[in-house]
Amino acid sequence: MKIYGIPQSRAGRCLWMARELGLEHENVPVHFRATRESPELVKVNPNARIPALEEPGGFTLHESMAINLYLAKKHGAATPLAPASLEEDALATQWSFWVMTEIEKPLLTLLMNTLGMSPATPDAVAKAEADLARPLDVLEAHLAGQDWLVGGRFTVADLNVASVLAWARGAKLDLSARPHVEAWLKRCLGRPAFKG
Ligand SMILES: N[C@@H](CCC(=O)N[C@@H](CS)C(=O)NCC(=O)O)C(=O)O
C-alpha cells in the first residue's frame with residue numbers, strides 16, 4: 001500500500017491511521033508545493049493533491065477523511081478504531097464531514113497567518129475566529145459528557161477530527177476556554193502513533 005504525501009501535509013492524517021493499525025505501507029514523499037510535478041501522484045489522484053492512497057491491487061482513493069474511514073473499516077474490525085455498528089459508522093462519517101466543513105477552512109486561515117505563509121487581514125482573522133466559535137462550542141459540549149467522540153473509546157472519528165484540530169497548535173489558537181476540547185486533543189495527540 002502506498003500513501004502519497006509528506007507527513008507535514010494532510011497525508012500525516014493517513015500516516016497516523018496506518019500507524020494506529022500497524023499497517024505496512026510505503027510513504028511516497030510528494031511535497032505539497034510539487035504535487036503537479038509528480039506524474040506518479042497525478043495518475044493516482046488526478047486532482048494533484050495529497051494525500052492519495054494506492055493499493056497493491058490497483059484500487060486508489062483520495063480525500064484524507066475517506067482514506068481513513070476506508071482503512072479503519074478494512075483493517076480495524078478487530079480493533080477499537082473501527083465503527084462497531086451502523087450508528088457508529090454514521091457518527092464517524094458525521095464528525096469527519098463536520099470537521100472538514102465547519103473547522104478546517106477557518107483553522108487553516110489562522111494557521112497560514114500565524115506561520116506567515118499566507119498573512120490574513122485583521123478582518124479575515126476575526127472572521128475565522130468567529131466562524132470557529134460555534135463548532136468548537138459544539139465539540140466542547142459533546143466532550144463535557146464523554147472522553148471520546150463515539151462509542152466511549154478512541155476511534156477513527158477522534159483520529160479524523162483531532163488530525164485537523166492538530167493545526168490549533170501551529171495556529172496558536174487558544175483553547176483554554178474549552179477545557180474538554182483541550183484535554184481531548186492532548187489525549188489524541190499524545191498517542192504514540194501520532195508522534196510517529
Ligand atoms: N480535501 C483534501 C485536501 C487535499 C489538499 O488540499 N492537500 C494539499 C496539501 S495538505 C495539496 O495537495 N496541495 C497541493 C496544491 O494545492 O497544489 C483532503 O483532505 O485530502
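## The largest pocket and its surroundings

The largest pocket has a lining of 37 residues, and those nearest its centre are Gln8, Ser9, Arg10, Phe32 and Trp167. Keep in mind as you look around that this is a predicted model. The space inside the largest pocket comes to about 1,000 Å³.

**Pocket and helix α1**
- Three helices, α1 (11-20), α4 and α9 (192-195), each contribute at least two residues to the lining of the largest pocket.
- Helix α1 is mostly covered, with 8 of its 10 residues buried.
- The buried residues of α1 are Ala11, Arg13, Cys14, Leu15, Trp16, Met17, Ala18 and Glu20.
- After α1 comes glycine 22, which has a positive phi near 65 degrees.

**Nonpolar surface patch**
- Phe32, which is among the residues nearest the centre of the largest pocket, also belongs to a nonpolar surface patch with Leu115 and Met117.
- Together, the three patch residues have about 280 Å² of accessible area.
- Leucine 115 sits in the loop that runs between α4 (86-114) and α5 (122-144).
- Leucine 115 has a relative accessible area of 48%, so this residue is partly exposed.

**Threonine 35**
- You will find threonine 35 in the loop between β2 (26-28) and α2 (39-44).
- Threonine 35 counts as buried because its relative accessibility is 6%, and the cut-off for buried is under 20%.
- Leaving aside residues up to four places away in sequence, threonine 35 touches Val30, Leu41, Val42, Ala48, Arg49 and Ile50.

Methods. Residues are numbered from 1 along each chain as its sequence is written. This is a predicted model: local features need pLDDT of at least 70, side-chain atom pairs count only at pLDDT 80 or more; totals for chains, interfaces and linings use all residues. Side-chain values use heavy atoms; hydrogens and water are left out. Patches are made of residues with over 30% relative accessible area and no salt bridge: like charges are joined within 9 Å, nonpolar side chains (Val, Leu, Ile, Met, Phe, Trp, Tyr) within 5 Å. Accessible areas come from the Shrake-Rupley method with a 1.4 Å probe; for residues, only the protein chains shown count as cover. A salt bridge is a side-chain nitrogen of Lys or Arg within 4 Å of a carboxyl oxygen of Asp or Glu. Helices (H or I, at least four residues) and strands (E, at least two) are DSSP runs, numbered from the N terminus. Buried means under 20% relative accessible area, exposed over 50%, partly exposed in between (1.4 Å probe, protein chains only). Contact means heavy atoms within 4.5 Å. On a 1 Å grid over the protein atoms alone, a cavity is a set of points where a 1.4 Å probe fits but cannot get out, and a pocket is an open set with protein on both sides within 12 Å along at least five of seven lines; lining residues have an atom within 4 Å of a point. Grid points are joined across faces, edges and corners, and a volume is the space filled by probe spheres set on the points.
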